[in-house]
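Subject: Structure handover

Hello,

Here is the structure for you to look at. My notes on what turned up in it follow below.

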Amino acid sequence: MRLKIKTLKDLEKESGIAFRMTLPTGLWRVFKPVIDHNRCIKCGICEIYCPDYAVYKGKEHFVEVDYDYCKGCGVCANECPVKCIDMVRETFV
Amino acid sequence: MAVTKVLDGNEAAAQGVKLSRVEVIAAYPITPQTELANRLARFVAEGEIKAKYVTVESEHASMSVCAGASAAGARAFTASASQGIVYMEEVIWMVPGMRLPVVMCIANRSIAFPGALKATHSDSLLQRDNGWIQLYCENSQEVLDTCIQAYRIAEDKRVYLPVIFAQDGYVVTANAMPVEIPDQEAVDKFLPPYKHDFVNLDPDMPREPEEGPVDEIETESRYLMDIAMENAKKVIREVDEEYGKMFGRKYGGLVEEYRCDGAEGVLITMGSITGTAREVVDSMRSRGKNIGLVKLKAFRPFPTEEIRKIAEQVGAIGFVDRNFSHGSAGGGIGCIETARALYNYKYRPPLLGFIAGIGGRDVTPAHLEYMADKVLNAAKTGTVEQEVEWVQLRR
Amino acid sequence: MLATEQIEDMRKLLPSGHGCCPGCQGPVATKMILRTLGRRVILFGSGGCGDFTPKTVPYFGLHFSGVGTGATGILAALEMKDRKDVTVISLAGDGATGDIGFGKLAAIAERNDNMIHFCYDNEAYMNTGIQKSGLTPFGAWTTTTPAGKTTRKKDVPMALAAMKIPYVATVTVAYRGDFQNKVKKASGIQGFKYIHVLEPCPTGWRVSPEKSVEVLRLAVQSHMWNLYEIENGVFKLTMKPKEVPVKEYFKIQGRFRHLKEEDMQRIQKFVDEDWARLKEWDGKSVWVGTPWRATA
């Protein structure tokens, strides 16, 4: 008996809705971190303490923020030794 | 070279485990299975089995250890009975869901309260919903053979479900009989090494990140397990055939019919009661009463097709249940399952439910003859006077 | 005997987009552990709320009450397959480790199975809704102790140290050098190693998410949590921080808001006594007698 069970990937394709484990957590935040790359001393502490890997070693700058997933918790800003990260009120315009 | 030794059920199971080249053993001692755990420890210490014997602190841990070992690629074995089974119930449910081919020996024993140290099938029948295959053994020889067959069935690519092989506490576990122990080389040909197709905890295997919330897969997973259980029927029959060809002993697949030709009525038994029942059938046949015997070896998957074929030929069926289900629709668990198997079928002979052997109470030939007479009576009259009868009540 | 093959892309290992609360330090602890231990790791169990289990390292989880015993099975299988290059670690929350699974851990300690067990201690059953666990500190608000917990925190590291396992350590995410040193030291020891990680739950501790790491620093500085290691029975304090009164620690957490002045003084007394006792023990053996173990 040939069995065709729909896997999650099939359901995704059919319905167009993502059944993903990666939730769009960028939509959670109220404040977003903005890094002043001129004052950044490249210590990497913000990257270590981000629970979501939303602050990561980037290509253009030493650390960049992935705004798709950043939840706006503010740990990076609080831990930065030179306080070069500002938490700015999010505006969805 | 096959040798014949006098072994009881526990020792036969230990020999079966040794021949199956099990790699991880974790069994917590509980009467009536303690000798099995002890014997396996001896084998490992003396080097007869090359395995890791983990001395666990509870049955819950023993099944967890077997699940972890099986996922990491080793053949695992555990054994338990009544209270231990109920204590490890949480982990028992996880193993078929993860499709891990663990094999467990249950030495049937009543579950408290009141409980007893002797046989009732409640502890193994408790697992009838969660996806474990269940095979019942009549004597020590069958225990040894079933242990080896169990790994072959569990690790079959069409199945990948864990297997329970059950033996009645004390009646089979502690009664010795001559048992032929097959040759290790022959068993190696019959049972290839364990390699799981899709579960392997190995950092070197490339893996993709899993996606999808777990709640969403429950229905489909359970459906696929249903299909695996259906496949298991075919696999059990095939394995039994092959074992019979290689080692000379067949058990009929899912059921064994004994002197059912021309039988007006049949008794269905599970486990050690079958041994006594064979004698009773012979004796009654010699006196002209046409009773037959059906031994139900596999309770899961339930042999619906075989039961239906038997129903075509006989006038009445009596199921001897060594278990109980308080408040059920009528009778013990076996009787209810048989009823469902026959409900929509065109041949539906009268079905009598007997409850006997609870708490290990000895099912004597007299009791079996009484039940057989009731069945033959029902076959003659076509009606059932009493649907469920507790046969051994002391009045 | 550990192959620290580094993980090239940590982002793929612990991808973003999990459902943990903003500021939760559980994923950070897992990051630090895997950074130190490398790629050849099999994980058993899931720490705490469990949503941050890594996706590309082999992971096996049973129900949380079977703390660590599945890892024993995995170790047995690896031994039979003669694989010596894989590390097995077990993660569990404080409820699983200290309450429901304590018996299992005690048995693993007795068997001295070769794994590291990490307890992700956020001081309550957070995932089911902030209910009290044995490891909730004295006076804390939880949904099942709304007037404040009336018993002290269960001392699981010391209990396991009494069972004479080769290595016990307490760490926290805020002191990451200390954390990584201890993980590295543990990975080089044979036998059962236990590392107890204090991590905050911003939701359950009622602390603002950006102060998640700061509250841990205050915990250590106020001696509500002390960082030590017990290697082969010898106790060693690894952090003697600049000291701060417990009031500072309680101030930024909502779960201690109801504490009155006399409660805080009582707690300060406990904490001072404990710290004095630990300073006495520093450098000494805390085992009763020496363990007789077969050579590893």
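A question to start with: which residue is the bridge partner of Val41(C) in strand 3 of chain C? The partner is Thr87(C). Please keep in mind that this is a predicted model.

**The sheet in chain C**

That pair belongs to a parallel pairing. Strand 1 (residues 41-44) and strand 3 of chain C are joined by four bridges. Both strands sit in an open sheet of eight strands in chain C. The order is 2-1-3-4-6-5-7-8, and the pairing is mixed. Strand 2 (59-60) and strand 8 (234-237) of chain C form the edges, each pairing on one side only. Helix 7 (residues 176-187) of chain C packs on this sheet.

Some background first. Most residues other than glycine have a negative phi. Two residues of chain C are worth a look here.

- Asp82(C) has a positive phi, near 65°. Asp82(C) lies in the loop between helix 3 (69-80) and strand 3 (87-93) of chain C.
- Lys164(C) has a positive phi of about 60° and is not a glycine. Its loop runs between helix 6 (156-162) and strand 5 (167-172) of chain C.

Are these residues buried or exposed? Asp82(C) counts as exposed, because it has 6 C-beta neighbours inside 10 Å. Lys164(C) counts as buried, because it has 23 C-beta neighbours inside 10 Å.

**Chain B as a whole**

Now to chain B. It has 13 helices and 15 strands. Its radius of gyration is 21 Å, close to the 21 Å that the globule rule gives for 395 residues, so chain B is as compact as a globular protein of that length. Its C-alpha atoms fill a box of roughly 70 × 50 × 45 Å along the principal axes. Buried residues make up 53% of the 395 residues in chain B.

**A sheet in chain B**

Chain B has an open sheet of six strands, in the order 9-11-10-13-14-15. The pairing here is mixed. Strand 9 (255-258) and strand 15 (388-390) of chain B are the edge strands. On average, neighbouring strands of this sheet are turned by 20° against each other, direction ignored.

Inside the sheet, strand 13 (residues 316-321) and strand 14 (residues 351-355) of chain B run parallel, joined by five bridges. There, Ile317(B) stands opposite Leu351(B). Helix 12 (residues 333-343) of chain B packs on the sheet. Helix 12 touches strand 10 (265-269), strand 11 (291-296), strand 13 and strand 14 of chain B. The direction of helix 12 makes about 145° with that of strand 13 of chain B.

Most peptide bonds are trans. Two in chain B are worth checking.

- Ala112(B) to Phe113(B) is cis, with omega near 10°. Phe113(B) is in the loop between strand 5 (103-108) and helix 6 (122-125) of chain B.
- Arg300(B) and Pro301(B) are joined by a cis bond, with omega about 5°. Pro301(B) lies in the loop between strand 12 (298-300) and helix 11 (304-313) of chain B.

Best wishes

Note on methods:
Residues are numbered from 1 along each chain as its sequence is written. Chains are lettered from A and ligands numbered from 1 in the order in which they are written. This is a predicted model: local features need pLDDT of at least 70, side-chain atom pairs count only at pLDDT 80 or more; totals for chains, interfaces and linings use all residues. Two strands pair if DSSP finds at least two bridges between them. Axes are lines fitted to C-alpha atoms, for helices over the stretch in contact, and angles run from 0 to 180 degrees between N-to-C directions. Two residues are in contact if their C-beta atoms, placed from the backbone, lie within 7 Å. A residue is buried if 20 or more other C-beta atoms lie within 10 Å of its own, exposed if 12 or fewer, and partly exposed in between; C-beta atoms are placed from the backbone. The radius of gyration is taken over C-alpha atoms; the globule rule is 2.2 Å times the number of residues to the power 0.38.
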